[in-house]
Amino acid sequence: MHRTKFFDHLILMIGVFVMVAPVVMAFLTSTHEAAEIHMNGLQATWGGHFVETYSKVLTKQGGFTGEVTGLRMMMNSLVLGLGFAVGKVILSMLAAYAIVYFRFRLGTLFFWMIFTTLLLPLEVRILPSYEVMNILGLTNTYTGLIVPLLASATGTFYFRQFFKSIPDELLEAARIDGAGPFKFFIDILVPLSKTMVAAIFIIMFVYGWNQYLWPMLMTTDERYFTLVRGVKQILQVWIGSQVPDYNEAFALAILAMLPPVLIVMLFQRWFIKGLTEGDK
Amino acid sequence: MKRVQFSSPLLPYLFLAPQMVIIIVFFYWPSVQAIQSSFYLEDPFGFGASFVGLDNYRDVLAGSQYAGIALFTLVFTVLVSGFSLGIGLLLAVKADGVIRGNATYKTMLIWVYAIAPPVAALIGLMFFDQHIGPIVKLAAFFGVELKIGLNFNDTAFAMIVVAVWKQIPYNFIFFLSGLQGIPVSVREAALVDCKSGFRRFWTVILPLLAPTAFFLLIINMTYSLFDTFGVIDVMVKDKAANNPITLVYKVYMDGFRGNDLGGSSAQSVILMIVVFALTIFQFRFIERRVHYN
């Protein structure tokens, strides 16, 4: 018995090591100087240039126009992550409410129209989506960055599942007490959905923050670059330089992962709940 | 559906309006455009387009690279799904079995989920770097020379490693919650009937996990097909010439780098059909499996 437990722990520890070590090493390496990394490879010790490198990455004017800094990119990432999460929660909660709690003629048609969006990820309709954005003049705007990403039904389905699990008696009782659709939604459904909203908000924030392909196409103006989009920029500067700024690249990678990682770790329980209960 | 519902002539449309407007403008309009332009040949100088029927499809499918890229996409999808599912399941079973440190293992194993694929690839790129990469040095120690970005197979290897690493947490979360959903009574009954832990897992636990595993299989396939775009884009660094790419990456390359609107759209439509088939398959299968719940 003891021996099997030992091997269980051993396997788990190897798993944890494989998952965690690359990121820890990336962080430690980012505190060393570029020339030192270039000579000695990745570092597993504290380099002491933490403040120097990170303040440089956050505040230095970079890119081609010199208008984008790490802070600016971080702000853009926040706008994208928060805007997407808020938009998704509001849109999908309203839509799910209409679908589950109302009887109306086009209900089934609308349901299938929303459902179909699950079938085609953005990646397969990327070029025509880009053309549409050009026609609408939405490239290099926050609207163009956020709103098209909302055109998928994941959130609506999370809420639909959840609303369906709420007992019918609640609505019956509310109607006997004379509550109309607005009152029922705001006084009963919204408070009941708090945990679900939190869970979906976290998942959607991470999803929005981590977008890469769409921001890459939508934003050619560096003022709208997000951190994750910035990865592409690092690589383009990188090609052809003698001693690449490894430390700054690692620092940017750490900054780009920090907010979503922190949120997932801090709100782990809600995050897992939302993921495993809604996705089925 | 609910037994009791509101009936109002206007309200449901009002509530659905924002979602429907966005879906129509940003989903249906582009999708219809993709299908439409897949039948047209766009003039490279922007002077209109002419209807060419199925020519774009024929050109795409007969193209010298397409079969090779499709094959790589298949191999990539199978390997990434297989390894990340396998490792995720192994870790979930072990984490489910231990009591001490359970919560710590869980936290440590899931947080990588929050890292964006291109960011993971950037870190991966440096671990596989020619000058500073420890993995390249380790391989050299065993007499294997890794040349990421130059050698097709080496680059593919690095891509698969990064894509698997990034996907393990997701599978771990779902397998663990699937395992924890198995009633204690079932586990105890199995324990009485069967001494061997491995056989117990194989004959009792795994069949009960089958719905989770199947759901994850589809998710992992879509992940490998679409969400790995960032990994590939970072790893090939815009030099796709001798490097492995997937079908989705080719859609992007032909459309944005090659300005081949018709060809890119035709590829989009082919991918749409693949995803469509996958989803239909998923729903049919899940319906049959529903008795487990």
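This report describes one helix of chain B, the contact between chains A and B, and the largest nonpolar core of a predicted model.

## Basis

In this predicted model, local features need pLDDT of at least 70 and side-chain atom pairs count only at pLDDT 80 or more, whereas totals for chains, interfaces and linings use all residues. Residues are numbered from 1 along each chain as its sequence is written, and chains are lettered from A and ligands numbered from 1 in the order in which they are written.

## Helix H1 of chain B

Helix H1 of chain B covers residues 11–37, helices being DSSP runs of H or I with at least four residues, numbered from the N terminus. Its 27 residues reach 37 Å from first to last C-alpha, close to the expected 39 Å, which is 1.5 Å times one less than the number of residues.

H1(B) bends by about 50° at B:Ala17, with the proline B:Pro18 following within four residues; the bend is the angle between axes fitted to the seven residues ending at a residue and the seven starting there.

## Contact between the chains

In chain B, 75 residues are in contact with 76 residues of chain A, contact meaning that C-beta atoms, placed from the backbone, lie within 7 Å. H1(B) gives the most to this side of chain B, with 17 residues.

## The largest nonpolar core

Among the 147 residues of the largest nonpolar core, A:Ala253, A:Ala256 and B:Val119 touch the most other members. Such a core is a set of buried Ala, Val, Leu, Ile, Met, Phe, Trp, Tyr and Cys residues joined through C-beta atoms within 7 Å, and buried means 20 or more other C-beta atoms within 10 Å of a residue's own. Helix H4 of chain A (residues 70–101) gives the most to this core, with 15 residues.

Technical notes
Helices (H or I, at least four residues) and strands (E, at least two) are DSSP runs, numbered from the N terminus. Two residues are in contact if their C-beta atoms, placed from the backbone, lie within 7 Å. A residue is buried if 20 or more other C-beta atoms lie within 10 Å of its own, exposed if 12 or fewer, and partly exposed in between; C-beta atoms are placed from the backbone.
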